[in-house]
Amino acid sequence: MSTVSTFGAFSMAQLGIYAAQKAMQVTGNNITNVNTAGYTRQQLELESLVVGGTDRYASKWDVKVGNGVMTSGVSQMRDPYLDIRYRTEMSNVGMAQTKWNGLKDISAVLDEVAKGDSEDPGKGIVEAAFNDFIQQMQSLTTDGAGKDEYDTLVRKAAETLVSELRTYAEKLEQVWNNHQTAMVQDVDTVNKLLTKIQDLNVEIRKSDIHGGNALELRDQRNMFIDELSQYIRINVSYVDEDIGDGHTVEKLIIKMDGGDPKSPNKNATLINGRFATQLELAKVPEMEADGVTPKKDAEGNIIYTDEIDPHFDITLKAPTDPKGDVMLIRDKTQPNGNIPFTDVPAEDIKLLDNDLYGGLQARRELLTEEGEYTSADEIANVDPNAATKRGIPYYQNMLDAFAKKLADTLNEANQVPNHSADMLYQKNDDGQFVDLNGDVIVIDGYKKNADGNYVDVQGNEILFDATAGAYTVDGVVIKDAEGKPVTKEEDALKLKGSPKFYKGELDNTDPDNPVWKPTAEEANPVLHRYYQGGVLFSSDGNGSNPEGITAKNISVSLDWANGTTRVLQTQKEVDPDHPQSTINDNLRHMVSLLTEKEHNYAPGDIPAGADSPSADTPFFTGTFQDMMTKMASTLATDEHTTEASLINYVSSVNDIYNDRDSVSGVDLNDEAVAMMQYNKSYSAACRLLTTLDEMLEKLINGTAL
């Protein structure tokens, strides 16, 4: 005969009421958090209560029935697979978004798609300045040859052009500085996220040990993990941590999942339970007086400045717990007695160039990548794909290459070649070359020593040996190209003297220190009465130095600015009686150079590309304006490609987010249905309690009648 517990049925109804109440409470919590960022929909975990064992007077005909429902806990509705996909796509979004923002910043500076007119203000500024410079050069050629006012107009146009180039260079430098600041902030943000996740891990662990679920803390942690995935591609996993006595708690582990699958740092640890790493940007070390040896403290550690290393190398510090204790890792290469491993402290890890992937790596590449200007060492030992990556330095180098090519081309064209030196230098009224003091320079002699004897470059006397019947140097007979002894003094001096450098007049006032006056080539070319060619562009507006010109320092030379130098009309000798000649062959040549289509640009044209594997190989050939177009089109292509990738990544991440939200997000319609369902369950459980009461009342009070 089946046994029925009189009050067991009441307990069943009571459990049903309790379960319905708890379910209603969970539903209410979901509804009130519908707008809470990062909140994950919760659900009540229910289990059927079955009492174990067999009744003492059990019958084989008895039917076992459950004893009600038990609430075993509250859980979150999450799909781990969707979390993995979402965080992977977020690292793609972070990479593309950061790169695109950087390219837009560069584009805001190098916007040369227009012509600099009022219809497109702020665009095509250099294009407009360059066109005006060409126009003024053409006017000088056709109408103003030999006229000072036209040369002034050309100089003013040149001043405007170089001013705009300097402005571009300064703005690009500011863009770089802004992204350097952003890089420091990004690293700081990542470190704060790692610390927050670490702190939450500690709190969640405590809650798990005491039987709690800490669902809200897990929501916060998931939000921080999602944010972290924008900066660094990560691999998130959960394992059971043994806390003793047969009990385990969940432990979160986050590892890097970088861009280089072959890197030894691919799975470097970021978070391991209560242990977390920190990222550290490399600093520039202080140097000794030799400029090469780093300074060290008393303990032998390198002393660093506060300046960030230009390569932006990043080190992962050894993971530590909140107390600062370093995490131990198992090293199976060091046996410990009968145990096949030894626990050793974790060490710092210096990340390689491609270990990171995400917003942080995109920022590094914006700050460091030089495209074709990348050194051979960088390509061979750091990143084999570096020559195809273009960051802010690449466009700075392109602008420098344009400025240097323009300056070098026009400076060279504005000077007469050395073989025409006899018509360039200052002469007196007798037609003799003179130095700056007006003293006559003897240009037909060879170097002599204090004794008045001719000498060669090394100072050895050139003497005639009567016995040999030829001229000798230090006893050795001088021979010509055919191997015949030289018997003429003039021939001996040409072979063994140094007329190019040592021409001049010996000043033997001090016999112990003979001084040679400079040659015509070393005299003062800019003071010739009829020749006004020279350096047009300089690396400093306060001088006329054509060396080291960049877009940041290019200036109109001081000589051109003060009128000592002018745009050279011709390389022919000008009639002294008609110095303002209309001859303009050199002007036409310079105008043709401005539109010349065969200007070659190679990485080695500027110091930044001197170590490139293709330093001497032109990567572009065209006019000066074509070079600016090349720069703008390359930037536009990079920007368009990155934008297209970003759109695809955002679309993908939105789809995954919607899929994830359909599982984890709160849907008011679903909650309303659940609320009605639990209301009915509650009512049914209450009705069951009432019915049981009526049954017992009938059993007790009605069966005796």
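**Hairpins, pocket and aromatic pairs**

Colleague: In the hairpin of β14 and β15, which residue takes a positive phi?

Modeller: G469 does, with a phi near 65 degrees, and four residues lie between the strands of that hairpin. Please keep in mind that this is a predicted model.

Colleague: How many bridges join β14 to β15?

Modeller: There are four bridges, between residues 462-465 of β14 and residues 470-473 of β15, and the two strands run antiparallel. F464 has Y471 in β15 as its bridge partner.

Colleague: What kind of aromatic pair do F464 and Y471 form?

Modeller: Their pair is edge-to-face, with 5.1 Å from centre to centre and 65 degrees between the planes. An angle over 60 degrees is counted as edge-to-face, which is why the pair falls in that class.

Colleague: Is Y471 buried or exposed?

Modeller: Y471 has a relative accessible area of 13% and is therefore buried.

Colleague: What is the phi of D474?

Modeller: D474 has a positive phi of about 55 degrees, although it is not a glycine. Most residues other than glycine have a negative phi. D474 is in the loop between β15 and β16, and it is exposed because its relative accessible area is 67%.

Colleague: And V476, is it buried or exposed?

Modeller: V476 counts as exposed, because its relative accessibility is 54%.

Colleague: What about F312, what is its phi?

Modeller: F312 has a positive phi near 55 degrees and is not a glycine. F312 is found in the loop between β9 (304-308) and β10 (314-316). Its relative accessibility is 0%, so F312 counts as buried.

Colleague: Let us change topic. What is the volume of the largest pocket?

Modeller: The volume of the largest pocket is about 1000 Å³. It is lined by 45 residues, and those closest to its centre are P310, H311, T368, E369 and E370.

Colleague: Which elements give two or more residues to that lining?

Modeller: They are the helices α4 (148-209), α6 (359-368), α7 (376-381) and α8 (392-413).

Colleague: How many charged residues does the lining of the largest pocket have?

Modeller: It has 16 charged residues, along with 17 nonpolar and twelve polar ones.

Colleague: How many cavities of 30 Å³ or more does the structure hold?

Modeller: The structure holds one. The largest cavity contains about 30 Å³ of space, and its lining consists of D313, I314, L351, L352, D353, L356, Q361 and R364. By class, four of these lining residues are nonpolar, one is polar and three are charged.

Colleague: Back to aromatics. How many aromatic pairs does the count come to?

Modeller: The count comes to eleven aromatic pairs. One of them is the pair of Y373 and F619, which is edge-to-face at 5.8 Å centre to centre and 75 degrees between the planes.

Colleague: Where do Y373 and F619 lie?

Modeller: Y373 is in the loop between α6 and α7, and F619 is in the loop between β21 (599-601) and β22 (620-622). The two residues are 246 residues apart, and the pair links distant parts of the chain. Both Y373 and F619 are buried.

Colleague: Which residues form one aromatic cluster with Y373?

Modeller: Y394, Y395 and F619 form the cluster together with Y373.

Colleague: Which ring does the charged end of K405 sit over?

Modeller: It sits over the ring of Y601, at 5.4 Å from the ring centre. In another such arrangement, K104 lies over the face of W100, 4.0 Å from the ring centre.

Colleague: One last residue. Which helix is L153 in?

Modeller: L153 is in helix α4. Its relative accessible area is 42%, so L153 is partly exposed. The C-alpha atom of L153 is separated by 8.7 Å from that of M137, which is 16 residues away along the chain.

Terms used
Residues numbered from 1 in each chain as written. Predicted model: local features only at pLDDT ≥ 70, side-chain atom pairs only at ≥ 80, totals over all residues. Heavy atoms only, no water. 1 Å grid on protein atoms, 1.4 Å probe; cavity = no way out; pocket = protein on both sides within 12 Å on 5 of 7 lines; lining within 4 Å. Points joined across faces, edges and corners; volume = space filled by probe spheres on them. Nonpolar A, V, L, I, M, F, W, Y, C, P; charged D, E, K, R; others polar. Buried < 20%, exposed > 50% of the residue type's maximum accessible area, 1.4 Å probe, protein only. Pairing = 2+ DSSP bridges. Phe/Tyr/Trp six-rings, centres within 6.5 Å; stacked < 30°, edge-to-face > 60°. Lys NZ or Arg CZ within 6 Å of the ring centre and 35° of its normal.
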